[in-house]
Amino acid sequence: MPPRKDKGKSKMVPFGARFHSPNVLDNELEHGNLASGSPPGPSFPKTLGQPAALEAPNLNAHHSTLVASGNNHDQALIPGPSHPRPVPEPAGGYFNGAHGFIYNVNMNGVASEDLRLLEEARKTREDEIRQEERARRKRKAEKEEQTKEEERALKKQKAEDERRTKEALRAREAFAQLIDKAMPSAMLDSIDRGYIPRCNEDTRRSLRARIVDWAQDDSEAQSLLWLSGPAGVGKSAVAQTVAEAMKAAGLLGGAFFFSRPNNRSDPNVVIPTLVYQLALNIPDYRNLITQRLIEDPLLLNRSRATQFEELIVIPFRSLASRPETATRRLFLIVIDGIDECRDREAQRELVEMISRHMRAEGEKLWLRWLLTSRPEPDLKVAFSNVDCKTICRQEKLAVEDSEAQRDARRILDAGFAEIRRRYPDQLADDWPAEDEVCFIAHKALGHLGFASFVLRFIGDIQYDDPAGQLEVCLKFLKHAGTTDNLNPLHLLDALYTQILSDIPLNILPTTRRILGFILFSGQSLEAGCLANFLGLSRASFYRALQRLHSVVVIPPASNVWRDHMSIYHASFSDYLKDPIRSEKFCLDEGTTHLDIVIAGLKWLPASSHEATRVEQPAWIPPTASYRSMLDTLSRVSLNSCWKSCLCVPRGALTAQLVKALGDFDFKFDYYTRYLWYRKQLMDFVNFIQWLSSLNLPGEPLLTVDRWSTKEEPKSKKHVTIHHVTMQAQDFVAPILGKTCMSELYTIDLRLGRKRPVPLRLVIAEGIGVG
């Protein structure tokens, strides 16, 4: 085959230049001309023959070049001195691209070694690229997985936060429910308790030491202690001082101080009040009872026995079974003045309930109970039953024992020293005389309440004459009779009579109204609010109380809108209720309730849009508005007015009451929710039942229009009131004037004479009140 002629211009490149130039090698790699496992460039055509031997070109000649034909791929040109000649394809040669052919010859080992290194570099680079790609993909996958894991964790945390938020909200709601049922004014350090009796440092020392030692001794089998004694001997002072000592040691679970004259006599608030305090003092216990209240929101509406079991016994039993609470502490619970609980059956139930559970599992409950009371017959029976005898320890406060008499003298000495300090200009350092102090101590006969009362009487700031008051006291005690058969309460009663006798006759009726509201209304009001409710000006209010500072806690005018009034000791309230002891100063409960109704009817419309019909309060504090004061008085009226109607005895007082109700316009606010709580609705429904039972002559105050034994559709015309009672049939009988068997009644009626109000009563039979 004749050789082809080169039609294009040849380009002369020094041999080996492609191998030694880094740019050329990189360029080949970049454009893919160096394929894996083959030399750079395309394969040489196989149509040309291979010569048997080929003389290698003189690579050392300075003029040696390679001539690459332009586009001819089937022949190679070997440079010569004159003309190029075509040659067959050399063995082991290959074209580089479309422009030249390179011999694959040894070339002193340089070309082959360069190609090998180039191939290794290419493979190494490819491996690195693949590794980088794998690493990149791995990092990407790991990052995506991390992102997903973070999203899952964030979602889980968000769900957990929402769960905890909901639980915390439910816990707060449950705890708020507990607070609503409790009575904060009966707690250890409540400001509403006013004067708080305490033992002096040197009084009742041995008794207090015995009680504190017993409360802290976990080996003591007797977990209940009953401290008894007559009125005024210092039971509350001992209970208060012991409770404060246990609180300082971190061992007080809770305390409840009953007081009849200060309206702390409701047995239904005792357990919630104690549970609230236990929850504050024991965090683990709080978690348990909160969860229990969440599970059963109506638990606080159940019986006292159920509440005691579910909220005290079971939680403490659960705490005792936990291994992490192996190092346990005993907590003392103080209940003072059980005899002042208004329900005698509840008094006995409380004692029996505590003693029964403490006998059954006292060691598991970690509790000590200190109960104080007068030795009333019912309580004596309760404390002497089988359950109580084995676990109850008894301590008696005797009046005439040597320790009590020494304590009475200590109280007198300390009290007279304080009076001398307050009146340094009036009193000498040796006032009063020793024989006078001894005489008073002898009359006290160890009665610490009597000693404290005498000191308040002599140091009364309203009289501002301690020397004169002492003379009155000594004169009175000398003429009170001999002390051989004298009951210390008789001396107290005599002093109470003396105090009330000092009140001018024209002021005494106002004093009686104030004292009557405190004793019989069932409400504890700020002093200023009480004055407004009774329609008293500031001057009239304080003038009526001027002589009572030794028996009643009376806040100063600066605190009259914050502090409540209270009676120092139950003996004074007992005196005022007993006609034999107080004679002409006795307060009649029926008359007091009539006074409360008449005053309440005056303020009830204050919450409605017709409040302009209401007279202005006599005393408005600088920090309150006229509107807020009217709302407060309206709320006080709802809390007492309807209930007091039922307490007015039938007879002459009933006629006055009916006249006041006949003049009253019953078109007032029935829709303000903060006024009409469940208790107020129950009192109002009971009032309607009471009113229908009077059978009054003349124009009726209540008229039944229609009734049925099914639930009627809603009526826009009527104010609808729902009520649930245990015996619906007996409840509606006075209203309907007949007996009808049913578990549901719908009664449409009109109430009032002036502008009768259409009401609808829906009375259902069931457990609970509505």
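Analyst: Start with Ile 196, which is buried at a relative accessible area of 15%; buried means under 20%, exposed over 50%, and partly exposed in between, with a 1.4 Å probe and protein chains only. This is a predicted model, where local features need pLDDT of at least 70, side-chain atom pairs count only at pLDDT 80 or more, and totals for chains, interfaces and linings use all residues. Residues are numbered from 1 along each chain as its sequence is written, and side-chain values use heavy atoms, with hydrogens and water left out.

User: Where is Ile 196 found?
Analyst: Ile 196 lies in the loop between helix 3 (110-181) and helix 4 (205-216). Helices here are DSSP runs of H or I, at least four residues, numbered from the N terminus.

User: And what does Ile 196 touch?
Analyst: Leu 188, Ser 190 and Gln 240, leaving out residues up to four places away in sequence. Contact means heavy atoms within 4.5 Å.

User: New topic. Which residues of helix 17 meet helix 20?
Analyst: Leu 515, Leu 519 and Phe 520 of helix 17 meet Phe 572, Ser 573, Leu 576 and Lys 577 of helix 20.

User: Which residues in helix 17 are buried?
Analyst: Among them are Leu 515, Leu 519 and Phe 520, along with Ile 514 and Phe 517.

User: What comes just after helix 17?
Analyst: Gly 522, which takes a positive phi of about 80°.

Methods
Helices (H or I, at least four residues) and strands (E, at least two) are DSSP runs, numbered from the N terminus.
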